[in-house]
Structures are given as structure tokens and as C-alpha cells.
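Visitor: I am new to this structure and would like a close look at one part of it. Please take the place where the two chains meet.

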Protein chains: 2
Amino acid sequence: MEILDAGVIAHVGVSTPDGPLVLPMAYGRDGELLYLHGAIANHLLGSGEEQEICATVTHLDGLVMARSPFHNSMNYRSVVVRGRGRRIRDYRRKIEALRLITDHVVPHWDDVRPPSRSELRKTLVLELPLTEASAKVRAGDPIDDPEDIEGPWWAGTVPITSRFGRPTPSSDLNHGTTVPAPVVGLTGSTLDQRPRRQRG
Amino acid sequence: MEILDAGVIAHVGVSTPDGPLVLPMAYGRDGELLYLHGAIANHLLGSGEEQEICATVTHLDGLVMARSPFHNSMNYRSVVVRGRGRRIRDYRRKIEALRLITDHVVPHWDDVRPPSRSELRKTLVLELPLTEASAKVRAGDPIDDPEDIEGPWWAGTVPITSRFGRPTPSSDLNHGTTVPAPVVGLTGSTLDQRPRRQRG
């Protein structure tokens, strides 16, 4: 759950008549459900109310550089969720799912204009049960063959960190509008450490 | 091509009897071919020499926070490559593909122990033609409804930057082994700006 909660986008795959398709999507989580929202929703549900999907969230934490390229790797944390995505039709559940997706990135639902009925109609939101989720974590040094350890080659790791910069107001922003506190709080934080709502 | 060359991992999707599967993989590029290598290769080619796959590379450049969550978005650059992944069997082509994958992250092939025949046999490498590749870029401010522009809500973007940290030697590293220059050059650079080999 921590890996999912720290992520910002998921790569979501579906099977189509033209082969598999993988697209980046925003998401949110509540208990044992993942909520998905984005361009792929149209591809997903052109054909019905449900579809088999795979949502993968990956944090790339660093390069793992071994003495032999055969042992090169990455340090990462990932979660793979597989299951049937179901379209949410109920008005109240849809608005709640949108709140979760919005607040997933940074909690600011209380600082936006609530969606209108017509916006909600146009928005496709999916729920995906987390029953088939598997996490994988790789951390630490490369693991080389014992006979290579004393060789002349360098081996080690190079960390990768993703950080938020300073919020930039929209060029059409009303003068006097203040930046919501949770958005201010993003500046300089890593994606993992960003301000988040407590949840179950 | 720039988007592909700047990326470090691809999210690769295949269709399986248990539904779609999306996993992160290392990759390289040469001209009009993408080379893939990683855990998914086994899933991919358990069943044959070729398989329909989709490889998606996404750079998340920032959050796009609109006045209405309906217009929330992300700034990103992505490339979606769809096609038939083919297993590379030829010894020389395989070693060349591994060099391209290794050097894709940071050019250091000349600083590692070359792969042995038995390592090469165990390594599954795929090539995927770039004929069906489509790029998508979103940049800049949120686009709100005109009637919301004068409202009291904040709108803007928050940049996200991913950087390499300082290389950390493996705990079992031979004293006196120096860090290869391209690896030293990673420190502090963004993923986009990392040292790269010139290529076609």
C-alpha cells in the first residue's frame, strides 16, 4: 500500500484487438480499491462495463551497476495490480472516487471548484480491486559473481530522486489568489514524502 | 526519439491468458529498433519467438492543478511503441543489443567485464521495431473553463525533476578501483541531461 500511496502515475495495460496497450494514468486508492482516471478509460470501456486490466506503479530508486552487465539492474519499488476494472456509475461513488484521485497527488479537493453534473457525466472513472496485487522491491548493492569481485571493474549504485519544484501560478491566475497550503508544502519534497492525507 | 533516449525504464505490456501484464524493463535504442531486456522477457517468450507487445516510456514533468479537478492533468512526455517483439538469437547481434541497453543508461560498456558465452545464452533480449511509435507531450498551464478564470481558486503547475545522486561504491568493491568517468558525470544531473553517447 505504501508503494501505491507514494506513486503519482500508474502504467495501465489493456488487451485490444490491435495488441496490448499501455498508457500512463492518474489514480487514487481507498482501502482495497484502486481508482483510475485518464485517457485510457475510453480505450478501456469502449466495449463494455468491465475489462481485464493491469496497473503497474514503479518508483525508480537508482541504477545498479555491476562488474558484468549481466548483473546490471535497477533499484526500484513496484506494485502490479491485475484484475477486472469496473466503471463507476453511481453519482456519489464517482464524486468520492474523483476526490480520492485528486487528493492522491496532493490533498487539495477542498481548494478546487467541485465538479458539475455535466463534468461528472463526461468523466470515466474505473475501480480495480487490489486482491491481485504483488509488490517487488530491489535495493542495495549489485550482486556480482564471486570470481569477479577482485577484478578491476567498478561496481556500485547511483541513487535517483524525484522532487517537486516551486509551484508556478497559471499565467491567467487572478491576482490575490493564494496557493493552497498543501501545494506550498510540495516545494522541495520528494514524491515519496509529499504531504498526504491519512488513510486506511 | 529524444523522449526514448532520455528515458531509463519502459513499462512493457503483453497479453497473457490471465489478462494483460505490465512490467518495468531496461531498454536501449539503435536507429529504428528498440531493444528490451528484463524479467518480462520470460513472460513474453515462454510461448515462442515473437509476441505482440507495447512499450511505453513516460517522463513525468509536473503536476497541472486546475481550478476544477475535471481539468487537472500532468505535464509529461511519453512514447508508446506497439508491435511484435522478436527474440534475438544471433550471438553478435545479441552482444550489440546488450551494449546498447547497457550504454543507454550511461555509456560504460567499456568499463565492465564483457559477458561470457554462458551469460549470453541465459539472457533474453528482444527487438521491437519503432514503426508504430507515437509520442505525446503535455506542457504548460492548466486550461480551465473561461467562466472559472476569475474565481477564487488557485491554478498552476508544480514541476517534478528526477536527478541522479552521488555514485555509491559497492561494499565489496576492490580498494583502488576508480569510478568510470561517465558514472562520475551522473552526479547531480537530471535523467534527461545525463551523459549519453551520440547516436543515429
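How many residue pairs are in polar contact across the interface of chain B and chain A?

Guide: This is a predicted model, in which local features need pLDDT of at least 70 and side-chain atom pairs count only at pLDDT 80 or more, while totals for chains, interfaces and linings use all residues. Residues are numbered from 1 along each chain as its sequence is written, chains are lettered from A in the order in which they are written, and side-chain values use heavy atoms, leaving out hydrogens and water.

Across the interface, 35 residue pairs are in polar contact, both residues being at pLDDT 80 or more. A polar contact is a pair of N or O atoms within 3.5 Å; within protein, one must be able to donate a hydrogen and the other to accept it, and residues adjacent in sequence count only if both atoms are side-chain atoms. On chain B, the side touching chain A draws at least two residues from each of several elements, including helix H3 (91-105) and strand S8 (156-164). S8(B) gives the most, with 9 residues. Helices (H or I, at least four residues) and strands (E, at least two) are DSSP runs, numbered from the N terminus.

There are also 6 salt bridges between the chains, a salt bridge being a side-chain nitrogen of Lys or Arg within 4 Å of a carboxyl oxygen of Asp or Glu. One such bridge joins B:Asp172 to A:Arg67, at 2.9 Å from N to O.

In total, 84 residues of chain B are in contact (heavy atoms within 4.5 Å) with 84 residues of chain A.
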